[in-house]
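Subject: Structure handover

Hello,

Here is the structure for you to look over. My notes follow below it.

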Amino acid sequence: MKKIEAIIRAEKFEEVKEALKGLSYPGMTKTIVEGHGKQKGLKQQFRGTTFEVEFTPKVKLEIVVLDEDVPQMLNAITRSARTGETGDGKIFVLPVETVVRVRTGDRDESAI
C-alpha cells in the first residue's frame, strides 16, 4: 500500500476530486495548507500597493491506495491539477505499513 500526498492549487480541488471519484476510490483527506516552492511566494498589487505573499494557499490531499492503483491515481491528479503555470503543486508517494479501520478492526487492504 502507498500513501499519496498531493499538494495542489485550491481552485483545482473540485476538478481533482471528480477525477478521483471517476476511479471509484472511496476516500481521501483534504487539508487547507499554505506554502511555497522555488518561486518563494508571489508579488501582488492591491489599490496601487505592491506586496509580497510569501505563502500561497494550497490544498493537501491524502489518499491510501493499493500499490497497483498508484499510476492511475497519479495520472488522474496530474491531469486534473495541471495549469502549466508555476505553483501547480507536488505529489509525494510514501509506503504504508498498516491500515486499521477503527470501527471494524479490519486491517490493511480490507481497511482501505
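Is Ser80 buried or exposed? Ser80 is buried, with a relative accessible area of 5%. (Buried means under 20% relative accessible area, exposed over 50%, and partly exposed in between, with a 1.4 Å probe and protein chains only.) Ser80 sits in helix H2. Setting aside neighbours within four places in sequence, Ser80 is in contact with Lys12, Glu15, Val16 and Ala19. (Contact means heavy atoms within 4.5 Å.)

Some ground rules. This is a predicted model, where local features need pLDDT of at least 70, side-chain atom pairs count only at pLDDT 80 or more, and totals for chains, interfaces and linings use all residues. Residues are numbered from 1 along each chain as its sequence is written, and side-chain values use heavy atoms, with hydrogens and water left out.

The sheet

The sheet is open and has 4 strands, in the order S2-S5-S1-S6, with antiparallel pairing. Strand S2 (29-35) and strand S6 (89-95) are the edge strands, each pairing on one side only. From one strand to the next, the twist averages 20°. (Helices, H or I of at least four residues, and strands, E of at least two, are DSSP runs numbered from the N terminus; two strands pair if DSSP finds at least two bridges between them.)

S2 pairs with strand S5 (residues 56-65) over 7 bridges, in the antiparallel sense. Thr31 stands opposite Lys60 in S5. Val33 has Lys58 in S5 as its bridge partner. S1 and S5 also run antiparallel, joined by 8 bridges. There, Lys2 has Val65 in S5 as its bridge partner. S5 is mostly covered, with 7 of its 10 residues buried.

Helix H2 (residues 70-81) lies across S1, S5 and S6, at about 5° to S1. (Axes are lines fitted to C-alpha atoms, for helices over the stretch in contact; angles run from 0 to 180 degrees between N-to-C directions.)

The largest pocket has a volume of about 250 Å³. It is lined by 15 residues, of which His36, Gly37, Lys58, Gly89 and Lys90 lie nearest its centre. S2 and S6 are the elements that give two or more residues to this lining. The lining divides into 3 nonpolar, 7 polar and 5 charged residues. (Ala, Val, Leu, Ile, Met, Phe, Trp, Tyr, Cys and Pro count as nonpolar, Asp, Glu, Lys and Arg as charged, and the others, Gly among them, as polar.)

On method: a pocket, on a 1 Å grid over the protein atoms alone, is an open set of points where a 1.4 Å probe fits, with protein on both sides within 12 Å along at least five of seven lines; lining residues have an atom within 4 Å of a point. Grid points are joined across faces, edges and corners, and a volume is the space filled by probe spheres set on the points.

The second largest pocket has a volume of about 180 Å³. Its lining includes Lys3, Tyr25, Pro26, Glu62 and Ile112. S5 gives the largest share of that lining, 3 residues. The lining divides into 8 nonpolar, 2 polar and 2 charged residues.

Pro26 lies in the loop between H1 and S2. Pro26 is exposed, with a relative accessible area of 65%.

Best wishes
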